Amino acid sequence: MRHDSKIQFVPARDGGDGGLEAFRTDGVAYQCYAPQEAFSIETQTASQKKKIYKDIKRLCDDVPGTLRLLGSIKIHTWILMTPQFDSRTLVEYARKKSSQLLTKKPRPQWCADSFEILVITDEEFASEKVRLLGEIDLRLHLEIPYDHSQATAPENTAMIERLDGKLKVDPTLGGDSELRDQYRGELLTVFLRGQAQMAHLQQQYPTLHLAVERRLRSFLSTLTMKMAGLREPGPEVVVTLARRLQEGLMTDAPGLSDVLAEQIAWYAISDWLIRCPLRFRSVA
């Protein structure tokens, strides 16, 4: 697939959220989409299909507006760029919608005779990705200003109580309230700091953010099931999990510094501990 033609980005307020995020002068259009609540392959695929349906419909419903944007350019390839997709039914759906548009009466004037819908991930831009990462500080570290008092702020009471209830069941933490308070406070600190780091990463370094998000989703998607099968899922196991996740992040997103990868790993583990249904089980 060629990516060397002139490309025009479309600001969201002018239509970038309405079917076209960018288009090339040779007739290739792009729309980016990352499902926000893809808890399973089924929900992820359903969201991606819905995105294709809504955006193609927007282009068809406002043909005059689309033509004003494109001028004489006819779109022969409309591409949905998404972090990942794991179902052949999405490809089948894209083929179906392509065929429907080609047989639509009348066919939209912006639609070329060879129109097709494709779904790709950033793997399609491997060389561009390497070049982009090479332009970034390859040892990126984010020093985000953070108020440590947030870990005990009233608005976080529910999180504190939920986490404390899980930690109490662990023999070591349950029997030492001072140690438990310190452990809980550190978890909440890295969680709240991590939220800010991830937001900054998404805004300023979207390529790295996609790589990090992909690893986190892959790692955390089966973590509850794995931990449920352990006899003693206590703090020692959590440390091991954080270390493994850090190593995975360094592999997938080499632009992260060791420190930032470790901080993000602990953020993800803390987030999971706060949300997951498990409790540390006491050992007889």
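C111 is buried, with a relative accessible area of 3%; buried means under 20% relative accessible area, exposed means over 50%, and partly exposed is in between, using a 1.4 Å probe and protein chains only. Keep in mind that this is a predicted model, where local features need pLDDT of at least 70, side-chain atom pairs count only at pLDDT 80 or more, and totals for chains, interfaces and linings use all residues. Residues are numbered from 1 along each chain as its sequence is written, and side-chain values use heavy atoms, leaving out hydrogens and water.

**Cysteines**
- A disulfide is a covalent bond between the sulfur atoms of two cysteines.
- Here the cut-off is a pair of cysteine sulfur atoms within 2.5 Å, and the structure holds 0 disulfides.
- C32 has 38% relative accessibility, so it counts as partly exposed.

**The whole chain**
- The protein chain comes to 11 helices and 5 strands; these are DSSP runs numbered from the N terminus, with helices (H or I) of at least four residues and strands (E) of at least two.
- Of its 284 residues, 44% count as buried.
- Take the contacts in the chain with a separation of 6 or more: residues 24 or more positions apart account for 71% of them. Contact means heavy atoms within 4.5 Å.

**Helix α8**
- Helix α8 covers residues 206-220, which is 15 residues.
- From first C-alpha to last it reaches 21 Å, close to the 21 Å expected at 1.5 Å a residue (that is, 1.5 Å times one less than the number of residues).
- Its buried residues include L208, V212, R214 and F219.

**Helices α7 and α11**
- Helix α7 (residues 177-204) and helix α11 (residues 258-275) pack at about 115°, with axes 8 Å apart. Axes are lines fitted to C-alpha atoms over the stretch in contact, and angles run from 0 to 180 degrees between N-to-C directions.
- Among the residues making this contact are L187, F191 and M198 of α7, and I264, W266 and Y267 of α11.

**R95**
- R95 lies in helix α3 (residues 88-102), and at 47% relative accessibility R95 counts as partly exposed.
- Which residues does R95 touch, not counting those up to four places away in sequence? They are E116 and L118.
- R95 and I117 are 22 residues apart in sequence, yet 6.5 Å apart in space, C-alpha to C-alpha.
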